[in-house]
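Please view the sequence and the model first, and then turn to the points below.

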Amino acid sequence: ATPTAIMVGTGKGAEQGILIRGGESLERIQAIEAVMLDKTGTVTQGKPELTDVLVLDETLDEETLLRLVAQSEQGSEHQLAAAIVEGAKARGLALAPEGYPTRFVALPGRGVEALVEGHELLIGNRRLLQERGIALDALLSQLEALEQVGKTAMLISVDGRLAGLVAVADTVKESSAAAIAELKQRGLAVWMITGDNERTARAIAEQVGIDAEHVLADVLPEEKARQVKSLQDLGMVVVFVGDGINDAPALVQADAGIAMGTGTDIAMEAADITLVKGNLQSVVSALELSRATMRTIK
Ligand code: ADP
Ligand code: MG
């Protein structure tokens, strides 16, 4: 396209809350064949809420377990941690400053490890507990039931023994399903990628009309970019849409990276396009804008 057409297109984008960096990305997205969407904060609202607390170990009551877990999670910056801390407070639990973990380790793609009130806690996914040799059998059916309805359940071990689980729910954005339907209508392959587990991911995907075979779950943070690359290796032009720190390498790897304006600064810095409204309908608008811009020069 001519520089003038691009300038006009960029201006129109800005009016619609689509902030485009450089004209090339506007040109590139008209050729896209696949869209890879991050789950949390992109397809979903990214504001999970604590919904379930389940205690296994009879030596601990629910309040004590939730307090230990919430105090551990005070050390974490993850959205899941915030949901647990908020949920504990909403249930009237006092999280004393002296209850702050004396030792805390964030384990990306897994969970957290903390020492609170003299107890060694692990909170996270199957991968984390399995790696530490903790048997999950006693909670497996409950875990799967929660995941089946799209919740993210986190297993808890206290002093090396499985003690219970907490679950959070993150609702899909109102606009996601319609936007995804429009992208598919335009012939694009729509993928969803997440560090969350397969069952939860599929339940969310189903709510927004993404096919189960286009769901990539249990993806470690550093592997998101590699997944973009493997679609590109099949010859596809790929757009990645994300919001988190974890998404930055994938946003850079993609033929065009689109960040949610509601997300982290790091994602926006890595992206070619930022969507001020933070909803997927703007991805459709960006595509339209790109095609209109390219048409004006033919
Ligand atoms: P995503 O950002 O896509 O949810 P992450 O890689 O950050 O993926 O996390 C993957 C999984 O690791 C989560 O679904 C959760 O089970 C576990 N996890 C990560 N951080 C925490 C945390 N602070 N507390 C408990 N579990 C966690
Ligand atoms: Mg996200």
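Predicted model: local features only at pLDDT ≥ 70, side-chain atom pairs only at ≥ 80, totals over all residues.

In which sense do S1 and strand S13 pair, and over how many bridges? The two strands pair in the antiparallel sense, over three bridges.

**Domains**
- The protein chain is divided into two parts: domain 1 covers 3-45 + 172-295, and domain 2 covers 49-169.
- Between the C-alpha centres of domain 1 and domain 2 the distance is 31 Å.
- Contacts between the domains involve eleven residues of domain 1 and eleven residues of domain 2.
- Helix H9 (residues 198-208) contributes five residues to the side of domain 1 that touches domain 2, which is the largest share.
- That side of domain 1 comprises four nonpolar, five polar and two charged residues.

**The seven-stranded sheet**
- Seven strands form an open sheet with mixed pairing, in the order S1-S13-S12-S11-S2-S9-S10.
- Strand S1 (18-20) and strand S10 (215-216) are the edge strands, each pairing on one side only.
- Strand S13, the partner of S1, spans residues 273-275.
- Within this pair, Leu19 stands opposite Thr274 in S13.

**Nonpolar cores**
- The largest nonpolar core consists of 51 residues.
- The residues with the most contacts inside this core are Val35, Met36, Val239, Phe240, Leu251, Ile258 and Val283.
- Leaving aside residues up to four places away in sequence, Val283 touches Val35, Ala179, Leu183, Val241 and Ile258.
- Another core, of 33 residues, lies apart from the largest one; Leu66, Leu122, Leu143 and Met154 are among its members.

**Surroundings of ligand 1**
- Ligand 1 is surrounded by 23 residues, of which the closest are Ser76, His78, Gly111, Asn125 and Gly195.
- By class, seven residues of this shell are nonpolar, twelve are polar and four are charged.
- Two helices, H3 (39-43) and H5 (79-90), each supply at least two residues of the shell.
- Strand S5 (111-116), strand S6 (119-124) and strand S7 (152-158) likewise each supply at least two.
- Why does ligand 1 lie between domain 1 and domain 2? Ligand 1 is placed between them because both domains give residues to the shell around it.

Conventions. Residues numbered from 1 in each chain as written. Chains lettered and ligands numbered in written order. Core = buried A, V, L, I, M, F, W, Y, C linked by C-beta atoms within 7 Å. Buried ≥ 20, exposed ≤ 12 C-beta atoms within 10 Å, placed from the backbone. Contact = placed C-beta atoms within 7 Å. Near = placed C-beta within 6 Å. Helix = DSSP H or I, 4+ residues; strand = E, 2+ residues; numbered from the N terminus. Nonpolar A, V, L, I, M, F, W, Y, C, P; charged D, E, K, R; others polar. Domains from an automatic or database assignment. Pairing = 2+ DSSP bridges.
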